[in-house]
Amino acid sequence: MIFLLGCGGASKLDTVPVTGMVTYNGEPIADASVTFYPEKGRAASGMTDQDGIYTLTTYESGDGAVAGKHKVSISKQEAPPGNSTEELENIKAEIPQKYNNAETSGLTADVVAGQDAPIDFNLAE
């Protein structure tokens, strides 16, 4: 008999449920993409709802993020009314561009096993 060990790819790391609120200049931001990039392991992401609340997913819906330190990116773009090439090139960011990239956002989060407190982000110019 031949036994195959490790089939199915890399093993999943344990995740911690993560939710929070995103605001910009004190106002909740709806339909923004929030992504946590861990030092090692798979990134987690989620979208904000109408109240600016997000829930992260790494492997399965709502499972959270891997424990540890994360760099964070948050982006929101206003789509143009049509879909012509010219209109798509003129997509307007609703929050400053620096937040679109985890390397330039200045946003970090420490995900700790057993945490219950939300991880909120208050963005400003």
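What follows is a working chat about a predicted model of one protein chain.

Q: Before we start, what kind of model is this, and how are the residues numbered?
A: This is a predicted model, in which local features need pLDDT of at least 70 and side-chain atom pairs count only at pLDDT 80 or more, while totals for chains, interfaces and linings use all residues. Residues are numbered from 1 along each chain as its sequence is written, and side-chain values use heavy atoms, with hydrogens and water left out.

Q: OK, how many helices and strands does the protein chain have?
A: The protein chain has 2 helices and 12 strands, where helices (H or I, at least four residues) and strands (E, at least two) are DSSP runs numbered from the N terminus.

Q: And in what order do the elements run?
A: From the N terminus on, the order is β-β-β-β-β-β-β-β-β-α-β-α-β-β.

Q: How much of the protein chain is buried?
A: Of its 125 residues, 34% count as buried; buried means under 20% relative accessible area, exposed means over 50%, and partly exposed lies in between, with a 1.4 Å probe and protein chains only.

Q: Which strands does β8 pair with?
A: Strand β8 (residues 68-75) is joined to β11 by 5 bridges, and the two run antiparallel; β4 is also joined to β8, by 6 bridges, and that pair runs antiparallel as well. Two strands pair if DSSP finds at least two bridges between them.

Q: Which residues stand opposite each other there?
A: Among them, Lys 71 has Thr 108 in β11 as its bridge partner, and Lys 69 stands opposite Asp 110 in β11.

Q: Which residues of β11 are on its covered face, and which on the uncovered one?
A: Strand β11 (residues 107-111) has Leu 107, Ala 109 and Val 111 on the covered face, whereas Thr 108 and Asp 110 are on the uncovered one.

Q: Switching to loops, where is Thr 58, and is it buried or exposed?
A: Thr 58 is in the loop between β6 (53-55) and β7 (65-66), and Thr 58 counts as buried because its relative accessibility is 6%.

Q: What does Thr 58 touch?
A: Not counting residues up to four places away in sequence, Thr 58 touches Thr 15, Arg 42, Ala 43, Ala 44, Asp 63, Gly 64, Ala 65 and Val 66, where contact means heavy atoms within 4.5 Å. A polar atom of the Thr 58 side chain also lies 2.5 Å from the backbone oxygen of Gly 64.

Q: What about Glu 94, where is that?
A: Glu 94 is in the loop between β10 (92-93) and α2 (102-105), and Glu 94 counts as partly exposed because its relative accessibility is 29%.

Q: Which residues is Glu 94 in contact with?
A: Leaving aside neighbours within four places in sequence, Glu 94 is in contact with Tyr 24, Lys 76, Gln 77 and Glu 78. Glu 94 and Gln 77 are 17 residues apart in sequence, yet 5.6 Å apart in space, C-alpha to C-alpha.

Q: Last topic: which phi angles here are positive without a glycine?
A: Asn 25 has a positive phi of about 50 degrees, and Asp 31 has one of about 60 degrees, although neither is a glycine. Most residues other than glycine have a negative phi.

Q: Where do Asn 25 and Asp 31 sit?
A: Asn 25 is in the loop between β2 (19-24) and β3 (27-28), while Asp 31 is in the loop between β3 and β4 (33-38).

Key:
Polar contact = N/O pair within 3.5 Å; in protein donor to acceptor, adjacent residues only side chain to side chain.
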